[in-house]
Amino acid sequence: MLSDLLYTLKESEFVFNLFGYISFRSGLSLVSSFFLVIILMPYWIRFQQRVFPLGQPIRNDGPDTHYSKKGTPTLGGVLILFSIILSSVLWTSNYSIYNYILILTLILFGLIGFIDDFQKVKIGKGISSKFKFLSQVFATIIIYFTIKYNGFDLNQFSVPFLKNVSIDLGYLYIFLILFIVIGSTNATNLTDGLDGLVSMPLIFVFLTFAIFAYVLGNINFSDYLLVNYMKGSGEIVIFCTSAIGALLGFLWFNSSPASIFMGDTGSQSLGASLAVTSILLKQEIVLAVAGGLFVIETISVMLQVSFFKISKGKRLFLMAPLHHHYEKKGLSEQKIVIRFWILSFLFCLLALSLLKIR
């Protein structure tokens, strides 16, 4: 929007030519979303403390160290989403349908998360798991038909490591999309359990997809790296850098000890938007690799539940998700967070190697 307006002035001043470059606009989107969060978050925290004094409820069976977090404001995701959406709209060029589908994803899943968070701060209990799941399914179906209506290929599943090799799934692709979107949504939500834990891995994964989007949207780079050129997909970089900037700003306040939590508003919508990014770029496997930390956390919960049922009451981990297991073992919160950040960084490096392994 704003970038298109400024770019029209290039004839009068050559400096406005810069707004035609994705690299320049991506930097602006990151900086603008970062400062939006930095400037507005203190006011948002004080507002929540005044209006929602109950803050974040703490589970009774959790680590003892978490009781000190009781009452912490938990609607940080609202400001994250506001900053991402505003920055994306300002710096996206030619009303890119890619980014507006991603914005729709943020809004739909952010709304589900907000209803859950709002109930928690008002009555101390969120929405039921059944309602949340059905809402996620409904939102995913809306996104599926929006993508399909805009002419995107939703039949072919790209095979990693190989160029121009894909599997025709036909109408079965909708079930794959449901699995990817809902799985990613809940995986990031499960990982959001310690101060700052989920923010940096999300930043790493968004950065990974920003690189993929830039390469796939550039005919020269895509040809050199033997990946399929996708016209216009480079604009996804703007959305990704907006998310990175907002998350960096949020981490400023969410680092231990956290002044505010992301809540389901942020974790669910960001996880869903990563999933939809991978679908739009036809890089679904990259999401599983780059988001390896989220996958591990989810598997730890699945193993815990299955083992508990099979063994009739015994536990495989001291507590699930996995980060709580290490808390129970006595590791400090900061040490767990940093180690998980390192793992996430390594997973993203591995995902980036898929650009060359073809």
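This is a predicted model: local features need pLDDT of at least 70, side-chain atom pairs count only at pLDDT 80 or more; totals for chains, interfaces and linings use all residues.
A residue counts as buried here when its relative accessible area is under 20%.

**The whole chain**

Display the entire protein as a cartoon. It contains 14 helices and two strands. Its radius of gyration is 20 Å, close to the 21 Å that the globule rule gives for 358 residues, so the protein is as compact as a globular protein of that length. Along the principal axes, the C-alpha atoms fill a box of roughly 65 × 45 × 35 Å.

Next, turn on a surface. Of the 358 residues, 52% count as buried. Among contacts with a separation of 6 or more, 74% are made by residues 24 or more positions apart.

**First stop: a nonpolar patch**

Select V31, F35, I39, L40, Y43, F82 and L86. Together these residues make a nonpolar surface patch of about 640 Å². Two elements give two or more residues each to the patch, namely α2 (22-51) and α3 (76-91). The greatest share comes from α2, with five residues. Centre the view on V31, which is placed in helix α2. V31 is partly exposed, at a relative accessible area of 42%.

**Second stop: from R25 to E235**

E235 lies in the loop between α8 (219-224) and α9 (236-254) while R25 is in helix α2, so the pair ties together parts that are 210 residues apart in sequence. R25 is buried, with a relative accessible area of 1%. E235 is buried as well, with a value of 10%. A search of the whole structure finds five salt bridges, and the next stop shows others.

Select K120 and D116, and show their side chains. They meet in a salt bridge with an N to O distance of 3.5 Å. Both residues lie in helix α4 (residues 97-123), four residues apart, or about one turn of the helix. An α-helix has 3.6 residues a turn, so residues three or four places apart point the same way. K120 and D116 are both buried.

Finally, include D264 in the selection: salt bridges that share partners join D116, K120, K132 and D264 into one network.

Select S273, which is found in helix α10 (residues 263-280). Which residues does S273 touch, not counting those up to four places away in sequence? They are L102, T105, L106, F206 and F239. The relative accessibility of S273 is 0%, and S273 therefore counts as buried.

Select residues 199-216, the 18 residues of helix α7. At 1.5 Å a residue the helix should span 26 Å, and its end C-alpha atoms are 26 Å apart, which agrees. This helix is mostly covered, with 15 of its 18 residues buried.

Most residues other than glycine have a negative phi, and most peptide bonds are trans. The following residues are exceptions to inspect in turn.

- Select S256 and P257: the peptide bond between them is cis, with omega near -5°. P257 is placed in the loop between α9 and α10.
- Select A320 and P321: the peptide bond from A320 to P321 is cis, with omega near 0°. P321 is found in the loop between α12 (292-310) and α13 (322-328).
- Select K282: its phi is positive, about 60°, although K282 is not a glycine. K282 lies in the loop between α10 and α11 (284-290).
- Select K312: its phi is near 60°, a positive value in a residue other than glycine. K312 is found in the loop between α12 and α13.

Is each one buried or exposed? K282 is buried, with a relative accessible area of 13%, whereas K312 is exposed, with a relative accessible area of 80%.

Notes
Residues are numbered from 1 along each chain as its sequence is written. Side-chain values use heavy atoms; hydrogens and water are left out. Patches are made of residues with over 30% relative accessible area and no salt bridge: like charges are joined within 9 Å, nonpolar side chains (Val, Leu, Ile, Met, Phe, Trp, Tyr) within 5 Å. Accessible areas come from the Shrake-Rupley method with a 1.4 Å probe; for residues, only the protein chains shown count as cover. A salt bridge is a side-chain nitrogen of Lys or Arg within 4 Å of a carboxyl oxygen of Asp or Glu. Buried means under 20% relative accessible area, exposed over 50%, partly exposed in between (1.4 Å probe, protein chains only). The expected span of a helix is 1.5 Å times one less than its number of residues. The radius of gyration is taken over C-alpha atoms; the globule rule is 2.2 Å times the number of residues to the power 0.38. Contact means heavy atoms within 4.5 Å.
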